[in-house]
Amino acid sequence: MTRLRRGLSTVVGCCLAVLVLLSGLGDRRAEALSSSDGHIDVAVIEHLRIQVPRQDRQAWLDAERGSWEPWLAQQPGFLGRDLLWDPNSEEGTLLIRWSSRDAWKAIPVEEVEAVQQRFESLAREATGQSEGNPFPLVFEGELLPA
């Protein structure tokens with residue numbers, strides 16, 4: 001029964017997160033969905049889930065602010081992101097909005113890896129972990145607005 005409750009909580013949490021995300025896109029969403037010639041260019045949402053133990057939640061948020069947040073703000077096509085945390089599964093969900101899949105995928109892998117290394121370094125420092133990634137990736141995918 002606990003397992004069912006946990007699974008249902010995760011599904012409901014993800015659905016609520018997507019609803020909040022889509023309702024908060026406002027004018028930037030309209031810009032991402034239409035071009036000057038009236039053609040619809042659907043925005044894409046990068047969807048990530050990572051392990052974030054309860055005691056390290058603030059360390060995760062601080063590492064995000066010191067690495068991904070400033071870097072993403074400089075990327076062409078970046079529209080914004082939401083960081084959510086599920087206390088039942090102790091997972092962080094990241095919903096990163098892009099103006100197009102092409103803009104997102106045009107970012108060189110080497111740049112992404114460098115920012116990830118910075119994130120992991122800050123996370124290790126904050127959690128006291130000596131090696132590895134304190135917040136491993138659980139899921140990676142993409143979502144399209146309906």
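Modeller: Let us begin with Phe-78, which is buried at a relative accessible area of 16%; buried means under 20% relative accessible area, exposed over 50% and partly exposed in between, with a 1.4 Å probe and protein chains only. This is a predicted model, in which local features need pLDDT of at least 70 and side-chain atom pairs count only at pLDDT 80 or more, whereas totals for chains, interfaces and linings use all residues. Residues are numbered from 1 along each chain as its sequence is written, and side-chain values use heavy atoms, with hydrogens and water left out.

Trp-98 also counts as buried, at 1% relative accessibility. Aromatic pairs number 3 in the structure; rings of Phe, Tyr and Trp (its six-membered ring) pair if their centres lie within 6.5 Å, and planes under 30 degrees apart count as stacked, over 60 as edge-to-face and the rest as tilted. One of these pairs joins Trp-68 and Trp-71, edge-to-face, with 5.6 Å from centre to centre and 80 degrees between the planes. Both residues belong to helix H4, where they are 3 residues apart, about one turn of the helix; helices (H or I, at least four residues) and strands (E, at least two) are DSSP runs numbered from the N terminus. Trp-68 and Trp-71 are both buried. The pair of Phe-78 and Trp-98 is edge-to-face because the ring centres lie 5.7 Å apart and the planes stand at 70 degrees. Phe-78 is in strand E2 and Trp-98 in strand E3, so this pair ties together parts 20 residues apart in sequence.

Trp-98 leads on to the largest nonpolar core, which has 23 residues and in which Trp-60, Trp-98 and Phe-135 have the most contacts. Such a core is a set of buried Ala, Val, Leu, Ile, Met, Phe, Trp, Tyr and Cys residues joined through side-chain atoms within 4.5 Å. At least two residues of this core come from each of strand E1 (44–51), H3, H4, E2, E3 and H6. In soluble globular proteins, nonpolar side chains tend to be buried together. Beyond its neighbours within four places in sequence, Trp-60 is in contact (heavy atoms within 4.5 Å) with several residues, including Leu-83, Leu-94, Phe-119 and Phe-135.

We turn next to H6. This helix, residues 109–127, has 19 residues and reaches 26 Å from its first C-alpha to its last, close to the 27 Å expected, a span of 1.5 Å times one less than the number of residues. Its buried residues are Val-115, Phe-119, Glu-120, Leu-122 and Ala-123. They lie on the same side of H6 because they cover an arc of only 165 degrees around the axis, taken from the directions from the helix axis to the C-beta atoms. These buried residues pack against helix H3 (57–66) and helix H4 (68–73). Glu-110, Gln-117 and Glu-125 are exposed on the face of H6 turned away from its buried side.

Finally, we return to the strands. Thr-93 is placed in strand E3 and is buried, with a relative accessible area of 10%. Its contacts, apart from neighbours within four places in sequence, are His-47, Leu-48, Arg-49, Asp-82, Leu-83 and Leu-84. Glu-90 is found in the loop between strand E2 (78–86) and strand E3 (91–98), and is partly exposed at 28% relative accessible area. Although not a glycine, Glu-90 has a positive phi of about 55 degrees. Most residues other than glycine have a negative phi.
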